[in-house]
Amino acid sequence: MSCKFYWLVVVFCWSAYWAQSQTPILLIPDRVFDGVNVHTDWEVLVEGETISAIGPSGDFPVPQNAQRLELPGTTLMPGMIEGHSHILLYPYNQTNWNDQVLKESAAERVARATVHLRKSIMAGVTTMRDLGSEGAGYADVGLKKAVQKGIIPGPDLLVAGPAIVATGSYGPKGFGPHVDVPLGAQEADGEDDLIRVTREQIGKGADVVKVYCDYRWGPNGEAKPTFTISELKRIVAVASSSGRPVVAHAATAEGMRRATLAGVTTIEHGDGGTPEVFALMAERGVALCPTLAAPDAILQYNGWRKGVDPEPERITKKKESFSQALQAGVPIVAGGDVGVYEHGDNVREWELMVDYGMTPLEVWRSTTSGNARWLGMPDRGRVARGLRADLIAVEGQPEMNISALRRVTFVMKAGAVVKGRP
Ligand SMILES: [Zn+2]
């Protein structure tokens, strides 16, 4: 092809794309869930990457060149926001965690992650907070950029990079003391070292700093606290000075107490929380991301036949602590630790949140406007004028049955249709 002709083709394609991306789109579903409430017979106008109007049909001017997109039988809503994912992991019943971390090359793990990202966006998840690359270094930072540049489809990512653990606490474990294995996170200790590592992770691209406030390193392999409060306070001071939140992995009451007093934004898991520690979290405005689906999945991988066998004690206790958190008024972040179970199956967590005591409407709000608030992303999570056009359509009524969020027929991210093109 001659050079001149080549450039003609490039310019033509670019202008065709530009014209298409500039065509306003009027979305006409049966109902609109704006992130808080449901409205019947409302329409939504999208111009470029942004929602430019929302309201009852005929209530706002629609440009003459707008493309009308009918979405009969659906509820249009904000794209779902996943609060706790691991895009570089996949279900442990396929390959256990140790083998994923130790035996798979970086290339294989990234290749898998691109598939996970595609599954997530097709399931209607348009933003994910990814909490630790689990031995894959800063691959999550690269994946985030690949999505941003349009190289691969996927949700927008907030990433944590390697995450921070106390020396001796994290895995893979089970090797002789003479063997140094690559770990699933970065070790650091003492205030000076933690300051340096927090800054290093931020410098290399972490949007959030994740720290393991406890881990299974007790004398009998039980979860015990790792860092002191003063160590945790240093991490929070450095991260917040850079404008980033700290996210704490904590499953023990003492780990949760230290994390709360140190000033973290959210606590992940929280299985061993007590009424006292949940009251403290509510008082300090620390949110809980309960990851209900993680133990539910892991216990089934270990042989629990859900619905047939008696409920394992760990599940009974998880239900108790979750209801204590709700009673104490702890804000809830919807996040399931997806990656432990299949990517794209994010609704599994939302269903368990309902099973364990929230109403479907509360969960629906949490997965959209609630998570946007707790992840510090005011440009999304609601259907409102001026916000990003991250919109999905689902069949059925999620406020009656949260599983309707599994039936996603249309996905738009930043104004571009990803699924359900007419
Ligand atoms: Zn996790």
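Mentor: Two strands are said to pair if DSSP finds at least two bridges between them. Please keep in mind that this is a predicted model.

Trainee: In which sense do strand 3 and strand 4 pair?

Mentor: Strand 3 covers residues 42-47 and strand 4 covers residues 50-56. The two form a hairpin with 2 residues between them, and G48 in the turn has a positive phi of about 65°. E47 stands opposite T50. Over 6 bridges, the sense of the pairing is antiparallel.

Trainee: How far apart are the end C-alpha atoms of helix 10, and what span should its 16 residues have?

Mentor: Helix 10 comprises residues 313-328.

Trainee: Around the axis of helix 10, what arc do the buried residues cover?

Mentor: The buried residues are K318, S321, F322 and A325. They lie on the same side of helix 10, because they cover an arc of only 105°.

Trainee: Which residues are exposed on the other side of helix 10?

Mentor: The cover over the buried residues includes helix 8, strand 16 and helix 9. On the other side, the exposed residues are E313 and T316.

Trainee: Against which elements do the buried residues of helix 4 pack?

Mentor: In helix 4, residues 139-148, the buried residues are A139, D140, V141, L143, K144 and V147. They pack against helix 3, strand 7 and strand 8.

Note on methods:
Residues are numbered from 1 along each chain as its sequence is written. This is a predicted model: local features need pLDDT of at least 70, side-chain atom pairs count only at pLDDT 80 or more; totals for chains, interfaces and linings use all residues. A residue is buried if 20 or more other C-beta atoms lie within 10 Å of its own, exposed if 12 or fewer, and partly exposed in between; C-beta atoms are placed from the backbone. Helices (H or I, at least four residues) and strands (E, at least two) are DSSP runs, numbered from the N terminus. Two residues are in contact if their C-beta atoms, placed from the backbone, lie within 7 Å. The expected span of a helix is 1.5 Å times one less than its number of residues. The arc is that of the directions from the helix axis to the C-beta atoms.
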